[in-house]
Structure formats: structure tokens, C-alpha cells
Amino acid sequence: MPEVTPEATPLTAAAGTGPALAAGGDLLLDVRHLVQEFVLRDYGGAKGGVLQAVSDVSFELRAGETLGIVGETGSGKSTLARSVIQAPPPKQGAVIFQGQDLVGLSPRAMKPVRRELQMVFQDPFTSLDPKWTVSRIVGEPLTAYGLGSRRERRERVNSLLELVGLDPADYGRRQPRELSGGQAQRVAIARALVLEPKLILCDEPVSSLDVLVQAQVLNLLEKLRSELGLSYLFIAHDLALVKQVSDRVAVMYLGKLCEIGPVRDIYRQPLHPYTLALLTSIPSAGPSARKREARTVIRGELPSPLDPPSSCRFRTRCPRAQERCAAEAPQLRAVGSEGHLVACHFPLSGREGTSAGSGTSADTGAQGEPAAIKR
Amino acid sequence: MAGPLGQRVGRRAAPSAGASSAERHEPVSPGSGPDAAPLLEVSDLRVRFRSRDGMVVNAVQGISFTVEPGQTLAIIGESGSGKTVSAYALMGLLPRTAQVSGSIRFRGVEIVALGEKALQDHRGRNVAMVFQNPERSLNPTMQIGDQITEAVRQHLPLGRRQAADRAVELLRMVRIPAPERRCHEYPHQLSGGMRQRVVIAIALACEPQLLIADEATTALDVTTQAQIMELLLDLQRELGTALLMISHDLALAASYAEEVLVMYAGQVVERASATDLFARVRMPYTRALIDAVPRADQESHVLLPVIGGRPPDLSAVMPGCSFAPRCPDAQQDCRQSAPPLEEHEIGHWWACWHPCGTERPADA
Amino acid sequence: MAVPVADALSPAPPAGDVAAPGRRSRTRGLLRTPEITIPAAVLLLLLFFCFVWPHIYPVPPPTGGSILDSGLPMWSPGHIFGTDNVGNDIMSRILYGGQVSFEVAAAVQAIGLVIGGALGVIAGYFGGPVDSVLMRVLDVFIAFPSLVLILAIVDSLGQSELNVIYALAAFSIPAFARVSRAATLRLRDQPFVVAARLSSVKSWRIISGHLVPNMMPQLLTFSLLGAAVVIILEGALDFLGYGIPDPAPSWGKMIANGQTMLSVRPSLVIVPSIFLFVTVICLNLLGDGLRARWEVR
């Protein structure tokens, strides 16, 4: 039974057609000074150390927009997502969703909130109960909230399955084991949508999928965004992927936010040295593939998250680091264009932070020579 | 030259394999002439698996390629394309349930159907492999140094002291700082990137002529990936080792390999130099792969051009091109007979009746 | 098609978009695995003979035999396994004794599964003080040498099949609790459980809908392997004289009584021993076979 796949579409330039909200609507999510810690226990249960996975992170997300969060291992991006949905709640800070602070809410008070805030996980096979059928999985939230009669629930489940490109008659009765990676992730997406949420947290939703399937699922997420007026908090380690789906991007390193801003600015004029290192580390294909000679290779190893460097956590690997970086922690501040914030004492100027993401053979060699910035 | 981060931005010297160890290897560079003997010759390799329920999986359906000494070759494919199985076949690592036919000649010696004893000699000495997850490749209860010396003494007649020295030398070669101290550490004390360096050190312990990297950087962060790839290529140049990269990441292959093979459903569907592959892609499948990868120079919120469908079931051998059911350019003859892999242009092979003819428009 | 060797030799590459085989081939595959079908068939056969056969065929009673018939050797007409020194038909004693063994094993494992399983799930899911208290209580039972405690229980309660069941259940419950708690801890943080909590699914529904069904294969396997142990323990109890009261037969008692005549009539010991052995082996093989099968999925 062929699945109805919403792809094979040519390149469309129009974004946000349909009932999509123009990015930059009301403030949907306001995260302030979020801190999340984990106590590590030695053998025998004694307290071994405290891992501060998320350290004083603040950002805003407006209705209709997609905020991408990028970071490597140990950046704390997944922990950040879990803290936003209060699973578990953060140690400090506020998560203000639609005007209400979620931190410290009782499970009963959280119940109406959870309808508006859902999550899609990285591995579709562990996020679906292996013994349940697809219909039951997608319908579970409806049952939990006691919404509608059985027939109405079934209809809603079926319509959602169709929306994600799966024929309900065929796939409804299947178990996750009988699905492929892409199909399973579609089921997870359908489940996240069933309560009509406003904001969906996507925690590396396509990392475990093959290239072509990944593109299918990304297109699906994009289509749903414009059709249903959703907002996404999109977590990934792949910078190119994040750019594909995001309006704004935040870069994290060892639990701290390095840089945040509109996606074009971040990619064309990164201000934080770490962001530049990330951008230039991406191998790129295509006839405009950056020659290897011009690729940045970052130095050193990631410090242990248990004992991160003081003040600026990137200073041990940053070639621009100076004494001030060890003495004084850089704060997020606006530099240059509107909405583009960076936490660095010596951010890259427009010239050095060249169009690393634009695919030209970036001439990063000659100092002080402005690289060609298109448009 | 120094870039904005003060990084080393030198030009990589043209690969001249074996230049520094001319005594040990033939000083050949890739494509140096028809008399250059290939290091590895694979002819019509086929691998079938028989599963417990009696199902047969045709994982590899007749692939042929060569690897020259010192060359960097990449095999690209999605899961189920047969790329990993092919790599395992080159190492003789396939389980007994696998039926291997065809020919794999390493420096003229046939590998297929070689006995286990001879295979153990072959592995590590001639060919070594670096796997995806360094956690899985290293013994968590053994010190790093001991694991390297174990690999060294497997193939080289060195005493304990000499082998230990060699271990330190290898760690230094893979750019692990303070190698003497690190020798006594356990894998869990190292980061992912460091562990992968140790795995590379073990692989290179006996200076094999071919190194196979099976998704060696997939589990690593992108910055670490760049470091490890640079390391691999520098080592390759120093030791004259040929490198076979197995990956699903087309961009990675384009950036680091000289020649790229694209596999689909157990067959090689396109083969070309890295630049040719992207500038003049021919196979619709390859083009679909290229188009489906998000690129940092695209606008956001734009739908990716992607084809539907799924890879074919490998337990049935269908007539016609295996990609035809999904191919946007498929025609009647594609479904009837399978196109053979042929060198239609110099250095560019493809298996397609109706390839993409035009060059890709250069990006603006 | 996911290549088998990739899983065995290295972590699987990114999930391919091909699905696993469907339902029909699964059941057919089950029937084709001899490590499961053969022990299962043998066990079913034994159950049939112990419980159903005496109702169909006029088997001589296991007790109250006449002295005149005593000491008949194996393969005598009317008494396939011969008679014991009191005149009871051995085959009949095997069948009725087998009933006892199977009844005790089934009852003990059922009690353990339900009560022990529930305790373990509660301790594992809610954690905290509930977990600590429950586990310490159960640890007390586990810390005791089992046979000593069982003997003490039976001694104080008196000898009967029911009391034997209670005594053995005292050990089955903590064992199941341990297993189900471990399984619960493992499943509790799986994304699909987290997803259910994110949809405000109530705790008891999470436990009954998600945790228990995913634990059942493991618990059932444990039951089978444990049943073998219970049968042996019950036999040991009878052997020591603390099991079911005379004159009801049981395999353990037959072995105990027969050992005095071992040199003269070894069949009195060998026959019940063989039955005990075959039953335990089949339970073990079946449990192992099912575990291997469920682990692959």
C-alpha cells in the first residue's frame, strides 16, 4: 500500500503561505536565566559532583517562528528542551509560556499547558510503545484528556495520519516494528499534533534518518508549520539543517548561549568565534564546495562539563582569547543588527566573520579584506 | 596563511603516496599510469545473506572497483545500499551466514574464500578498519597502551618494550598530547574524538596499505569530525596509505575524497571524481541525494526537493533498474532491463539509460 | 532491508526506510524454532498425562495398594513401571505426583508474578521512600537461606500442599519484585513513557498500558525458569519430609522413599528422577528459547 508522501515537490520559494503566522507575533515562550543541574553520584550513592548542563540561558520565541538551537556534545541543548517542558523542571530560572511560568507548577496545573506544548524525540522507535498500534499511539493523548467520543477520536486520529502522509487503513493497525524510520517519525509527529499544540519542541527529529527520508520529514514539518500555524523549537547539531527550518538560531556551547539572532545574520556574519568554527567545519557539497585549504579546524578538545573553564567557557579553544576572557564572563549583548546577540568580549567584526555559510570559496586568508557578500 | 581564528590554513600538498617512506612502498601516486598496479581490485563482488526464517537478502549485487595505492576513495550510500557489507567483505569480517562470490584481490592475492588464519594476517597488516563508534571498538577494561601494543604484536615481531615504544609513537602520530601518560589511561577517560584517534592509532599500528573508515566520523561532533578527517588525510600522506571512506554523507565525501562511488540497492550506480560528481552529476539517484541535503547557503523555510518511495526489497531481484520505481526520469526501458555500469565519460562511470545530461547550474 | 551483520558487528547506520517483516511470518517463525516447540510439546504431553489421562483411562489409584501386588518389576502387565513395596502402582504415583509438582509450581509462580510483580513496579515507578521501604523488606527475605526459612514456615503452619505453596511463595515474591523493579527502572525513562507523561496520561494508565505489557515477556520467561526451581524445591521439601503429607504421592517423596531400596530396586528412584529431570530441563529450555526470541526483537 503506497504511502501518500507529501514530497517530490519542486523548490518553492514561498514561505509561510496559508494560515501560517508571520514570524514575530506574540511572545509565546520566554525563557529567563534557566539553570539545570545534575548531581552525579559515585558508587555507593555519595555525591560525586554537580554537572551544570544548562547555565543561565535566556531567549524568546514568538508565535509562528522557528527557533533553532545548535550545539555539539555537551552543549546542553537537549537538556534545555527537557527543562522547558519541565521533565524534569529546571533548578533555577523561569519558563514563561503564554504568560504563565511553568516552573514549579503542579501536575494538575500543567495539564492544560501540556495540550499546547508537545515534543518530538530523536529516535522514533524508542518514542513509540513497541506493543501499541499506530492508531492507539496517536490517540493516546486524546484518551488522556477525555476528548470526544470514541468515534470522534478515531476520526481525528485518521485525519492526522493522513495529514502526515500515512494511509490510516493500512498503517493504523501496524506496530512500530512494522514501520520504517521515516514512517515511525511521522507517527510521532502525528501524536504530537493531536492535541493541537501551539509549540512543538523537536529534539533532533531527523538525526537518525537517512538522507532522503530526512528531507521528506523536514518537508513535512515545514508543511505542517505553514498549514497549522505552529511554532517550533528545533534542536539539532547540524547547522545546515537548522538553517533550513529556522527563523532564528541560537548557538550553545557547554551549557551557555554564545550567539543568537536571525538566521541570515548568523550564517552570513557570525560574531562568535565558536559559531564561525562550526560553520566552517561543515563539509559542503556542490560545485561551490569550499576547498579544504580554507577550512577551519578548531583546536583542542572539549573541556569536561563537570569542570568547565571559568568565565567564557570557550576560551580554552578560542584563538582570540585574551586575559579578559578568563577574568570576566561575557554577557549576551546586541552587536550590530537588530536582534543579533553575542556573548563575547571580542566578537568577530563583519570582515572576519565572512560569508562562511554562503558557499563561496571563502577567502579567509587575507586579513581585512571584505569578502563578497551577496544580495 | 592564517585565517581569522589563527588557524592553519595552508595548502595541502598534492598527494604523493609513499613519498616519505619510499623504501617501504612503491612510490606511486594515483593514476600515475597504466603500469601502476592497483592495491585492491574488486570484481563482481556479490554477498547474499540467508536469514533464520529462510529469507535471502542480496546485500551486494555485483560491484567492481579498484583502489590505487595512496588513493582516497569514498563509497556513499544510504542504509541498505550494501556499502558496509562490502567493506566487511574486504576485511573478511562477514559472518558464516554470508555467501560471498566474486573476486577481491589485494595486491594480487585473492581474499574471498581465504582461510581464517590467512585472514587474520591480512587484517591489520594489509587492511585495517576504523568503525563508527569508538566506544564499541575499544575494550573498556584495558588500558589504551595495552590495546595498541596488542595490535602491534599481533603482526610485528617486537618485544614488550619495543611494542610499548611503538604505542607511544603511534599516539603521538595521531596527535594525542602527552602520549606517555595517556598510554596508561582507560577509554572512558578520553573524549569521543580522542578515542577515535586511539582507534586510528590501533588501525595504523602495523602500517597497513589500506585503511577503511566505516562511518568513522558519523558519531562525532562536526568540529571533531573536521579534526579527525584532517588527521586521517595527513596520516595518509605521511604513510602512503590508501583510504576508503564509507559514509552516508555526500558532502563529507566531496570534501575529502578524490573519487566517489555511489551505491544503491547493492550496486554501484555512479562513480566519478569528487568534482565531476557534483559538477556533472548523471545518475538521478545521486542528484536526488545531492538535492535532498540541506545546505547552509539555501534560504530557510524552503521545501527540499526530494523523491518519494523507499529503497527496494533486497530479497527479490527485480528486472530493470532498481531505482526505476522512484526515479523521476524513469522510462519504459528502465523498467525492463537494468543498465550496466559503464565509463561513459573519462573517469566517470554511471549505470543509467537516461542520465541527467546537463551540468548543474553553478550556484549564484 | 536492514542488513543483519551491521547490528552484530557495529552500530547500525542511520535507520533505513524499510520496515521489518509483518505478523504472519512471525508466528510461522515461532513454529519453526525447535528450541521452543520441542520442550513446549514435551511439557504439554506431561501435563496431559498428569491431569487428563487419569480421567480417560482407568489408572490404578496411587494409594491403598494391596501387599499382594507389591514389588512387581517394570513392564509388568497392568503396571508399566511396576509397583512399590506397599503395592501402589508406580505409574499412577508418577501421574498424581506430577499433578502436585505442576500445581505447586503454577501456584507459586502465579502468586509471585502478581504480587511480587506489582510490588516491584510500584517501587520502581514511584521511587523514593516507597521504593526504599519495599526493597528493604524484600531484602530480608532474600537474605535468609531459602531452604531454612521454607522449612520453618512449613513447620509452623503444618504440612499441606497449600502451606507448601505459601512457603515457596515467600521466596517467589521477592524474586519477581526484583525483576519487575529492574524492568520498570529501565522502561520508565524511555522516550515513549516520557511522551505519555507529556500528554498527561495518569500514572496507573502508564503502568498498566505501557510498563506492564513491555515487561511481560521478561516476566513470563522468568516464571518458566523459576517454575523449574520451584519444582526442585518442592521435591527437596518432600525429600526432607516437610512437603505434602503422606500418603499423597509426589516425585520428591518417591525419590526419598526409594533411596532405601536403591541397590535392590533402583527403578523406584530412577523413574521419578527421570520425570523430574525432563520437566526441569524442558522448562529451562522453553524459558531460554523464549528469552532468546524476545531479545532479538
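1. Which helix of chain A lies across strand 6 and strand 7 of chain A? Before the reply, keep in mind that this is a predicted model. The helix is helix 6 of chain A, and it runs at about 175° to strand 6 of chain A.

2. Now for those two strands. Strand 6 of chain A and strand 7 of chain A (residues 199-203) run parallel and are joined by four bridges. If you want a spot to look at, find A:L117: its bridge partner in strand 7 of chain A is A:L199.

3. Zoom out to the whole sheet. In chain A, eight strands make an open, mixed sheet, in the order 6-7-8-3-9-10-12-11. Strand 6 and strand 11 (333-334) of chain A sit at the edges with a single partner strand each, so each has one side without a neighbour in the sheet.

4. Next, have a look at where chain A meets chain C. Chain A puts 28 residues into the contact and chain C puts in 23. On the chain A side, helix 2 (107-116), strand 6 (117-120), helix 3 (134-145) and helix 6 (181-193) supply at least two residues each. Helix 3 of chain A gives the most, with four residues. Sorted by class, the chain A side has 12 nonpolar, seven polar and nine charged residues.

5. Last, hop over to chain B. Helix 4 (residues 144-155) and helix 7 (residues 192-203) of chain B pack with their axes 9 Å apart, at an angle of about 25°. Angles under 35 degrees count as roughly parallel, and these two helices of chain B are therefore roughly parallel to each other. Helix 4 of chain B passes helix 7 of chain B in a right-handed crossing. Helix 4 of chain B touches with B:I144, B:Q147, B:I148 and B:A151, while helix 7 of chain B uses B:V198, B:A201 and B:I202. That contact has six nonpolar residues, one polar and no charged ones.

Notes: Residues numbered from 1 in each chain as written. Chains lettered and ligands numbered in written order. Predicted model: local features only at pLDDT ≥ 70, side-chain atom pairs only at ≥ 80, totals over all residues. Axes fitted to C-alpha atoms, helices over the stretch in contact; angles between N-to-C directions. Parallel < 35°, antiparallel > 145°, perpendicular 65-115°, else oblique. Left-handed = near helix turned anticlockwise from the far one by under 90°. Contact = placed C-beta atoms within 7 Å. Nonpolar A, V, L, I, M, F, W, Y, C, P; charged D, E, K, R; others polar. Pairing = 2+ DSSP bridges.
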